[in-house]
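Colleague: Please take a close look at one part of this model for me. Then place that part within the whole.

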Amino acid sequence: MLLYSGWGVALLLAAVLYGAARSGRTGVVRVCRAAVLAVLFLPYAVMALDTLSGAPLTALLCLATSAAALLVVHRAQLYIRLPARLTVFAFAWGALVGAGFSLVMVMWFAWYAGGYLLDFAHPRGSIRSLMGFATLNAGLVAEAGKAAGVALVLLVFRRRAHGMVSGLVLGAASGIGLNLTETVRYVAQIEPGQPAAQFWTRQVVGLLTVHAVFGALAGAGFGAAMEAATRRDRTAMCASGLLAACGGHLLFDALLPVLDRWRKDLFSGAETLGVLVGVPMVILLAAGPFAALVVLLLRRGLRAQEATLRAALSAGTGYGTGAVTPAEGGLLLSPRRRLLLELAVWRRDGTAGLRHLIRLQQAQLRLLTEPLPHRCNHVRELKGLPALPSGSPLHIDQGVAL
């Protein structure tokens, strides 16, 4: 009922939005756009919140492991990082909107698909068709729900994103969020008799190898599309990412029952060992190739960022302004040295000093990719240096090296 009501309210707001756009009332246009998004997505979030509120202790336990995975994914950006709030937003999208959308669409399929697909004259064949389409539907709606959040962030905050790496991280974060809600649902509603096994399977072994991997594939396609030169290439990259995510999810769901039967036969009489050892084996076989593909895509994106930064330093970007010194340039290109410095600053100055150091280094990295006067002054401000005067040679056309 909430879903249908949201659609009706969205149609009314669309009419108001159209009138405000024609009359040039920009304030009303912004409010209407935000309201349309809210009423369209809120019903899905309500479904997910109902699931999470039904088992609050399980949700808190899953939140702890999900937060650790989210930190790993965020830190995988070895050079230029998205603001942490955008990574958290993608996670929240997956946990609420993505998971709610998946739940609604799976329920609708369960309610109505049987009336169209079941053939009582040939029940065995129709049941197979029904199960096959159910698997296909689950994979499609889960990946579409996660990818929608990634696309929204990249469109609204495209100046903060940097290619494939940013899209991959956002997709993985959205997948971690959806995995959290799905775990709570399985533990509390679908298989309440095996909470420990479900937690081990979904929140430990599968935390970074299932939903996070497939979401990362779709996000990598969206992120790569940001750097494409033509609309045709952008469309192809977005479609390729979605196809890889949906196809991988479908193949994983198809292989998992077969491999799980093999696991049970292999560890018959040793159920605990079958869960602790057999489950990682099964998930490695079913999702391992896709996880390896994500690692390769991440590596390629990081190498592209490193090449861009190295070219900027070779051109002398930032030198002579005090924003980036030659010594700092070498440090910025070494993730290992930056990590050691972060640990030293954290021990000496605490979290406040660490946050300031990360802000400074990220501002310097962004200056190297976009050598603009206001970015240079921002770096100087973080260093405690005065801003350059407006009449200095630094204030030149965009795109010209400093």
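**A loop and its surroundings**

Modeller: Leu 256 counts as partly exposed because its relative accessibility is 28%. Buried means under 20% relative accessible area and exposed means over 50%, with partly exposed in between (1.4 Å probe, protein chains only). Leu 256 lies in helix 9, residues 231-266. Helices here are DSSP runs of H or I of at least four residues, strands are runs of E of at least two, and both are numbered from the N terminus. From Leu 256 to Phe 290 is 34 residues in sequence and 14 Å in space, C-alpha to C-alpha.

Some ground rules come next. This is a predicted model, so to speak of local features needs pLDDT of at least 70, and side-chain atom pairs count only at pLDDT 80 or more, while totals for chains, interfaces and linings use all residues. Residues are numbered from 1 along each chain as its sequence is written, and side-chain values use heavy atoms, with hydrogens and water left out.

Now the part itself. Gln 77 sits in the loop between helix 3 (56-75) and helix 4 (84-117). Gln 77 counts as buried because its relative accessibility is 0%. Its side chain reaches the backbone nitrogen of Leu 82 at 3.0 Å. That is a polar contact: a pair of N or O atoms within 3.5 Å. Within protein, one atom must be able to donate a hydrogen and the other to accept it, and residues adjacent in sequence count only if both atoms are side-chain atoms. Leaving out residues up to four places away in sequence, Gln 77 touches Leu 82, Val 165, Ser 166 and Val 169. Contact means heavy atoms within 4.5 Å.

Ala 76 lies in the loop between helix 3 and helix 4 as well. Ala 76 counts as partly exposed because its relative accessibility is 21%. Not counting residues up to four places away, Ala 76 touches Leu 298 and Leu 302. Ala 76 and Val 275 are 199 residues apart in sequence and 29 Å apart in space, C-alpha to C-alpha.

Next, helix 6. Gly 167 lies in helix 6, residues 163-190. Gly 167 is buried because its relative accessible area is 0%. Beyond residues up to four places away in sequence, Gly 167 touches Val 150, Leu 154, Gly 219, Ala 220 and Gly 223.

Helix 5 (residues 123-156) holds Ala 151. Ala 151 is partly exposed because its relative accessible area is 24%. Ala 151 and Gly 219 are 68 residues apart in sequence and 7.9 Å apart in space, C-alpha to C-alpha.

Then the core. A nonpolar core is a set of buried Ala, Val, Leu, Ile, Met, Phe, Trp, Tyr and Cys residues joined through side-chain atoms within 4.5 Å. The largest one has 69 residues, and Leu 170, Ile 176, Val 184, Phe 214, Val 324 and Leu 368 touch the most other members. Helix 10 (residues 271-314) gives this core its largest share, 13 residues. Ile 176 touches Ser 66, Ala 69, Leu 70, Val 73, Phe 91, Leu 207, Leu 208 and Ala 212, again without residues up to four places away in sequence.

Just after helix 13, Gly 384 takes a positive phi of about 85 degrees.

Finally, the whole. The protein chain has 13 helices and zero strands. Its C-alpha atoms fill a box of roughly 85 × 60 × 40 Å along the principal axes. Of its 402 residues, 42% are buried. Among contacts with a separation of 6 or more, 71% join residues 24 or more positions apart. The chain exposes about 21,100 Å², with 67% of that from carbon and sulfur atoms. Such areas come from the Shrake-Rupley method with a 1.4 Å probe, and for residues only the protein chains shown count as cover.
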